[in-house]
Amino acid sequence: MASRLLIVVALVVITASLTLGQSPSASPPNIDDLVAKNIQAKGGASAIGAVKSLKLTGKLLVNQGKVQLAYVQTKMREGKVRTEATLQGMTLVQAYDGKDGWKISPFQGRKDPEKMSSDDCKSLIEDAEIGGPLVDWKEKGSTVTYLGTEDVDGTPAYKLKVVRKNGDVNFVYLDPDQYLEIRILSQRVEQGAQIEVETDLGDYEKIGGVFIPFSIEAGPKNASDKQKIVLDKGEANVPVDDATFQFPTAAPKK
């Protein structure tokens, strides 16, 4: 009887020690908690909301870094964005004014502004977000699902699936320590075809009280050659004229 009692006591002690040794992260994270930690990591909801405009300057590297273009992106609240890439006196422009998009494509021999289709504007709409896809996701009409963890270049990142109001999907990967985005995999339908764009984010710096990625590498999923944006400077709440985002109108002829 005594030996049997000792066995029972030992089992109780082992079970208790295993229970105490379990990490709190064993239970699935709560979506609201993950989003809240992401927002807090960026600087907090108040700081993000206080940024009304954002100007980012740096360089765009393409063709495996062999070609370097001067890069400028300007964002403003209400979903407005303008991106410029300049090389040898020619400037590529893509802009969205909150409703319509347009572009200038001089490297393709098109120097006049052209209207963009609604499909072509999808990436611009996402680029216009100052806080990213998780900030105000409910107000945007998105749904968010937690999908567990997934390896991102050796990091067991939290994986969240964001389904936007228009049906497009972002898989958002959060660093388990900092809770900042380290990768976003976007799935969109453009011109009737499903495309996937993988964007790696890093080198965060605080601009206007909000952490912004200064290294952005994007391209088709599993592609060996992706374009990379390396920012040199960020400015928050700079004055921006609305005309910056609007389709250029020809000056009246005299």
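**Notes on the salt bridges, strands and one buried asparagine**

1. Let's start with a pair of charged residues: D200 and R183 form a salt bridge, with their closest N and O atoms 2.6 Å apart. D200 sits in strand β11 (residues 193-207) and R183 in strand β10 (residues 181-190), so this pair ties together parts that lie 17 residues apart in sequence. Both D200 and R183 are buried. Here a salt bridge means a side-chain nitrogen of Lys or Arg within 4 Å of a carboxyl oxygen of Asp or Glu. Buried means under 20% relative accessible area, exposed means over 50%, and partly exposed is in between (1.4 Å probe, protein chains only).

2. Before going on, keep in mind that this is a predicted model, where local features need pLDDT of at least 70 and side-chain atom pairs count only at pLDDT 80 or more, while totals for chains, interfaces and linings use all residues. Residues are numbered from 1 along each chain as its sequence is written, and side-chain values use heavy atoms, leaving out hydrogens and water.

3. Now the overall picture. The chain has four helices and 13 strands; these are DSSP runs numbered from the N terminus, with helices being H or I of at least four residues and strands being E of at least two. Of the 254 residues in the chain, 41% are buried. The accessible surface comes to about 14,500 Å², and carbon and sulfur atoms hold 52% of that. (Areas come from the Shrake-Rupley method with a 1.4 Å probe; for residues, only the protein chains shown count as cover.)

4. Back to charges. Side chains of opposite charge can pair when their charged atoms come close. The whole structure holds 20 salt bridges. One of them joins the side chains of K122 and D168, at 3.5 Å from N to O. This pair links distant parts of the chain, 46 residues apart: K122 is in helix α4 (residues 122-127), and D168 is in the loop between β8 (155-163) and β9. Both K122 and D168 are buried.

5. K80 is buried, with a relative accessible area of 10%, whereas E78 is exposed at 67%.

6. Some charged residues join up in a network. E126, E129, K140, R164, R188 and E190 are linked this way by salt bridges.

7. Have a look at N170, in strand β9 (residues 169-174). N170 counts as buried because its relative accessibility is 1%. The side chain of N170 makes a polar contact with that of R164 at 2.7 Å, and another of 3.3 Å joins N170 to the side chain of E126. (A polar contact is a pair of N or O atoms within 3.5 Å; within protein, one must be able to donate a hydrogen and the other to accept it, and residues adjacent in sequence count only if both atoms are side-chain atoms.) Beyond its neighbours within four places in sequence, N170 has contacts (heavy atoms within 4.5 Å) that include P133, L160, I184 and S186.

8. Finally, an open spot. Strand β6 (residues 110-115) has zero buried residues out of six, so it lies largely in the open. β6 runs antiparallel to strand β5 (residues 101-105), joined by three bridges; strands pair if DSSP finds at least two bridges between them. β5 and β6 form a hairpin with four residues between them, and G109 in the turn has a positive phi of about 80°.
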